[in-house]
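Reader: I am new to looking at protein models, and I would like to learn how to read one feature at a time. Could we go through this one together?

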Amino acid sequence: MAVSACGSTGSGDSSGDEASASKQAKPRESPEYEEVADLAAMKVVKQQYVFGDTLYLDDSLLLIQARPHPKINYLSVVTGIDPTNGKVKWEIDERDLPTSVVESGVFMGRGRLLASDGMAYVPLSSSAGTESYYGFVALDGETGEAKWVARHPVWEPKGTGPDGRSARTVVDIVGAVGDTVVYSAHSYWSDGDLSGLNDPNDRMKPNILHRAETVALDAETGKVRWKKNGFLGRYVTRSHVIGTIPAKQEARRNKPLAAVEAGTGNDAWKTTWKSNVADLSKDWLLVRQSASPDIGPHDGVYEAATGRLVAKLDADTPPLLGAAWVNEMPEAKGHGVAWIVTEQDKDGPQTLYVAKDGESEPRKVAFLPNDRLEIGHPMVTEDDYVMVQSAAIDPIGQQFADLENGELDFPVDATEDDREPITYSDSYLITGGLHVEETILYKRVP
């Protein structure tokens, strides 16, 4: 057994009163979805291979990132869609940004998006005049009206770096915690794209960090609440910002994890070991030491508020780093984290474990010995279902596992025909295939 602590099997305490027990429970029904809109048919997105990193979805807004203006080639368009009916709420381009909010700015076609508490946040940059900055604009989720802009200066060290390298600045929207919006910025010397830096066979030289900080803003006004130098925020949970304390000549991944309080920026906890976050929720972190198949000594499930280890991971079924969920990782959407343990050997029975938000220890759910499963998408629902992938991809595909009894139900319609989940919220699910023509918005049936 690779789990160091676990809660009771199934739904928990079964010691209810006799009157309640005598009542016949209503059978549970696996989640089902109905199609709301064919997004590609709406022609609101650019034809591209990857679609998941250009949108953000919550229950009130589907936010589509900057795409080329259909008539004016030097402008781009940001779109807000009502997920209840798939209709466009608003579309704006750079001309719609009032000078009272931002004198000049260009929507960025890549970078983290965020929709939270009636607001939408979209990456923005400017190089007008002597000012050069990266940041984002806060838009009203209902109207698209610009409210304020967060500007972070492009750090430009004098001269060139080692071996003639140039300096680069990156600004990322990290997420929202209550009425606080958090972003991070770092500058580094680089000679190219070092995305494969963790590969020991990679001959490219590592980035050399120049500067890093995390900034928290008031969501209503955009005013700075706190700054944390030397801390690179990457994720938000219920009350904390999770990130790293980077050292120079290190890549962005594989650094000691750390957490600060979202309300104050004060230190909460930190580690001395290096790891990556593979999945997270409001209360839990599922981490791996590296992107390699090996399981490290610190890999496991941790309590986000304290850094407490509650479960170790199984080397036979390691969690994947969620590269496809580019815009989902900054802000936790699932209501817990899930992982699968092979109890005896790789061909033996499997057990699903879930660390559910609001619960102090992981929950154990047993499956039949012939159920070979994996978790491809970090989707844990509030009403105790987890999306899993059968090893027999055809014709089973995606299924919902019931945490109360371990039963698996048929695939939801949204994941048929080789379409995979791209993003989700509590009430909505978007799936897609290799091409954007297959991108569909679904609504969960009540």
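Reader: What is the strand order in the open sheet of 3 strands, and what is its pairing?

Author: In general, strands of a sheet pair through backbone hydrogen bonds, either parallel or antiparallel. Here the open sheet of 3 strands has the order S22-S23-S24, and its pairing is antiparallel. Strand S22 (336-342) and strand S24 (363-366) stand at the edges, each with a single partner strand, so one side of each has no neighbour in the sheet. From one strand to the next, the twist averages 25°, where axes are lines fitted to C-alpha atoms, for helices over the stretch in contact, and angles run from 0 to 180 degrees between N-to-C directions. Strands are DSSP runs of E with at least two residues, helices are runs of H or I with at least four, and both are numbered from the N terminus; two strands pair if DSSP finds at least two bridges between them.

Author: Before we go on, please keep in mind that this is a predicted model, in which local features need pLDDT of at least 70 and side-chain atom pairs count only at pLDDT 80 or more, while totals for chains, interfaces and linings use all residues. Residues are numbered from 1 along each chain as its sequence is written, and side-chain values use heavy atoms, with hydrogens and water left out.

Reader: How many bridges join strand S23 to S24, and which residue stands opposite tyrosine 353?

Author: Strand S23 (residues 350-356) runs antiparallel to S24 and is joined to it by 4 bridges, and tyrosine 353 has lysine 364 in S24 opposite it.

Reader: Which strands are the edge strands in the open sheet of 7 strands?

Author: That sheet has the order S15-S16-S17-S18-S19-S20-S21 with antiparallel pairing, and its edge strands, which pair on one side only, are strand S15 (232-236) and strand S21 (309-312). On average, its neighbouring strands are turned by 45° against each other, direction ignored. Four-bridge pairing can be followed at one end, where S15 and strand S16 (residues 240-244) pair in the antiparallel sense over 4 bridges, and tyrosine 235 has isoleucine 242 in S16 as its bridge partner.

Reader: Is aspartate 172 buried or exposed, and what does its side chain touch in a polar contact?

Author: A residue is buried under 20% relative accessible area, exposed over 50% and partly exposed in between, using a 1.4 Å probe and protein chains only. Aspartate 172, which lies in strand S11 (residues 166-177), counts as buried because its relative accessibility is 12%. Its side chain makes a polar contact of 3.2 Å with the side chain of arginine 234; such a contact is a pair of N or O atoms within 3.5 Å, where within protein one must be able to donate a hydrogen and the other to accept it, and residues adjacent in sequence count only if both atoms are side-chain atoms.

Reader: Where is aspartate 384 placed, and is it buried or exposed?

Author: Aspartate 384 sits in the loop between strand S25 (373-374) and strand S26 (385-390), and it is buried, with a relative accessible area of 11%. Although it is not a glycine, aspartate 384 has a positive phi of about 70°. Aspartate 117 also has a positive phi, near 50°, but aspartate 117 is exposed, with a relative accessible area of 69%.
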